[in-house]
Amino acid sequence: MAGTNANSDLANSRLGNSLLGRSLAELTTVALESGQPAYRGQQLFDAVYRQRVERLEQVSTLPLEYRAQLAEQGWRIGLPVVERRFVSGDGTVRYLMALADGETVETVWMPEGDGGESGDGSEAGDENSTQYAVPGTQYSVASTQGPVAEVQFGGSLVGLLPHRTKIGCAADPGRRATICVSSQVGCAVNCKFCFTALLGVRRNLEAGEIVGQIAVVLREQGVEPPMQRVNIVFMGMGEPFLNYENFMKAVQLLVEGVGVPESRMTVSTAGIVPRIYDFGREAVRPKLAISLNGSNDALRGEVMPLNRKWNIAELMKAAREFPLRTRERLTFEYVLLEGVNDAAEQAREVVELVRGMRAKVNLIALNPGAELPYRTPDEDRVTAFQRILVAAGIPTFVRRPRGRDIFAACGQLKGTVEIAPAQ
Ligand code: SAH
């Protein structure tokens with residue numbers, strides 16, 4: 001069976017022959033070792049990341065003989081292969097992608113984002129160009145009495161903001177397109193409300209397998225960065241900070257090769273505290289989101305056993321010390337579980353934790369499933385929770401579930417194939 005130990009040598013050698021995942025310096029070495037001039041490295045780099053070719057033969061900048069030589073040496077581009085596509089009524093597409101060793105991961109395309117990945121109604125990374133939202137664009141702000149302004153999307157309430165907070169103007173929905181990418185096959189963190197946890201962790205993804213997911217989706221969707229904007233969120237299967245080196249290498253290749261600015265990327269961590277400090281020291285890095293999900297140690301420890309290793313005090317210390325860039329804000333995600341962590345008292349505890357920080361909160365009503373021992377709170381409860389945070393001056397958003405009908409929403413990625421409409 002794929003992915004077993006018996007296969008792992010073969011798997012490693014296959015991964016080792018992939019051009020995807022290699023830096024410009026590494027591809028230059030590949031060229032030089034074949035007696036080619038150094039600039040062939042740049043040509044390979046452009047073909048793999050900028051053009052995103054599927055096969056070696058398509059690298060038209062290289063002489064035919066060198067293409068043949070690379071193939072003889074066993075080199076391959078190394079893109080994951082789309083095994084299934086699940087298309088949601090809301091336009092979200094969940095891709096099941098096969099890797100070289102037969103393992104699979106999932107990648108999600110959200111044409112309009114989810115109203116929360118950047119946390120403020122603008123697309124991730126657009127905070128440098130925020131403006132007051134105006135009625136008539138997709139988002140509108142309806143003033144209410146007191147300190148709270150309501151943000152509406154398609155007629156329904158998606159955000160509550162402290163009055164006069166700037167939000168992005170989403171006049172062009174294409175600008176909000178978001179790819180949610182996986183960082184591991186499965187996950188080791190074992191959050192009690194997450195389906196991916198049921199898989200356990202099978203292995204880390206290579207940098208090339210992370211970038212490869214994005215390359216495949218960009219090709220499928222006909223999106224060409226940097227001319228066309230796209231947001232990347234490292235919020236799929238796995239815990240990126242438990243595959244830190246490969247995740248960061250993928251970021252670098254996306255920035256330098258694919259042309260996605262780091263400011264349009266967000267990584268979410270369950271709270272691997274030492275890596276939060278490391279991440280803060282990176283010269284080039286995405287924005288940071290932290291999965292809080294519990295307002296005190298007893299609660300958080302119950303739903304995220306990881307809290308016993310790094311408790312809320314340690315987590316919040318790292319968050320407070322995190323060096324934010326100009327206009328950057330930290331995001332806290334909070335999955336609302338009915339009757340567990342969604343009461344007014346817990347909202348007030350979250351306020352105390354986040355108070356004074358340059359941060360926003362994304363609330364996610366649980367995406368439910370038969371295997372999970374939790375229920376989804378109704379909208380009134382979610383809004384009541386949100387209002388408490390907003391009244392305390394904390395920008396707070398409710399993430400709209402995207403692609404729940406195809407098991408593509410937050411926490412639902414576990415390789416489900418037993419549903420229509422697969423293509
Ligand atoms: N491992 C990282 C990246 C995954 S991001 C992390 O934990 O942050 C996925 C987000 O979805 C996290 O904020 C997680 O708390 C949330 N989530 C997990 N299961 C969920 C579910 N069933 N319903 C709603 N959100 C969920």
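**Exercise 1.** How are helix 2 and helix 3 oriented to each other?

*Solution.* The model is a predicted one.

Step 1. Two packed helices are described by the angle between their axes and the distance between the axes.

Step 2. Helix 2 spans residues 24–33 and helix 3 spans residues 39–51; they pack at about 125 degrees, and their axes lie 7 Å apart.

Step 3. An angle of 65 to 115 degrees counts as roughly perpendicular and one over 145 as roughly antiparallel. Helix 2 and helix 3 are therefore oblique to each other.

Step 4. Their crossing is right-handed. Helix 2 contributes Leu24, Leu27, Thr28 and Ala31 to the contact, while helix 3 contributes Arg40, Gly41, Gln42, Leu44, Phe45 and Tyr49. Sorted by class, the residues in this contact of helix 2 with helix 3 are six nonpolar, three polar and one charged.

**Exercise 2.** Determine the orientation of helix 3 to helix 6, and identify the residues through which they meet.

*Solution.* Step 1. Helix 3 and helix 6 pack at an angle of about 100 degrees, with 8 Å between their axes. That makes helix 3 roughly perpendicular to helix 6.

Step 1. On helix 3, the residues involved are Phe45, Tyr49 and Arg50; on helix 6, they are Leu253, Glu256, Gly257 and Val258. This contact of helix 3 with helix 6 comprises four nonpolar, one polar and two charged residues.

Step 2. Phe45 and Tyr49 of helix 3 also take part in the contact with helix 2.

**Exercise 3.** Characterise the packing of helix 6 and helix 7.

*Solution.* Step 1. Helix 6 (residues 244–258) and helix 7 (residues 273–280) pack at about 30 degrees, with their axes 12 Å apart. Helix 6 is therefore roughly parallel to helix 7.

Step 1. The crossing of helix 6 and helix 7 is right-handed. Tyr244, Phe247 and Met248 of helix 6 make the contact with Arg275, Asp278 and Phe279 of helix 7. By class, the contact of helix 6 with helix 7 holds four nonpolar, no polar and two charged residues.

**Exercise 4.** How many residues surround the ligand, and which are the closest?

*Solution.* Step 1. The ligand is surrounded by 18 residues, of which the closest are Phe193, Ser268, Ser291, Asn293 and Asn367.

Step 1. For Ser291, a side-chain N or O atom is 2.6 Å from an oxygen atom of the ligand. For Asn367, a backbone N or O atom lies 2.8 Å from a ligand nitrogen atom.

Step 2. A polar atom in the side chain of Glu239 lies 3.1 Å from a nitrogen atom of the ligand.

Technical notes. Residues numbered from 1 in each chain as written. Predicted model: local features only at pLDDT ≥ 70, side-chain atom pairs only at ≥ 80, totals over all residues. Heavy atoms only, no water. Axes fitted to C-alpha atoms, helices over the stretch in contact; angles between N-to-C directions. Helix = DSSP H or I, 4+ residues; strand = E, 2+ residues; numbered from the N terminus. Parallel < 35°, antiparallel > 145°, perpendicular 65-115°, else oblique. Left-handed = near helix turned anticlockwise from the far one by under 90°. Contact = heavy atoms within 4.5 Å. Nonpolar A, V, L, I, M, F, W, Y, C, P; charged D, E, K, R; others polar. Near = heavy atom within 4 Å. Polar contact = N/O pair within 3.5 Å; in protein donor to acceptor, adjacent residues only side chain to side chain.
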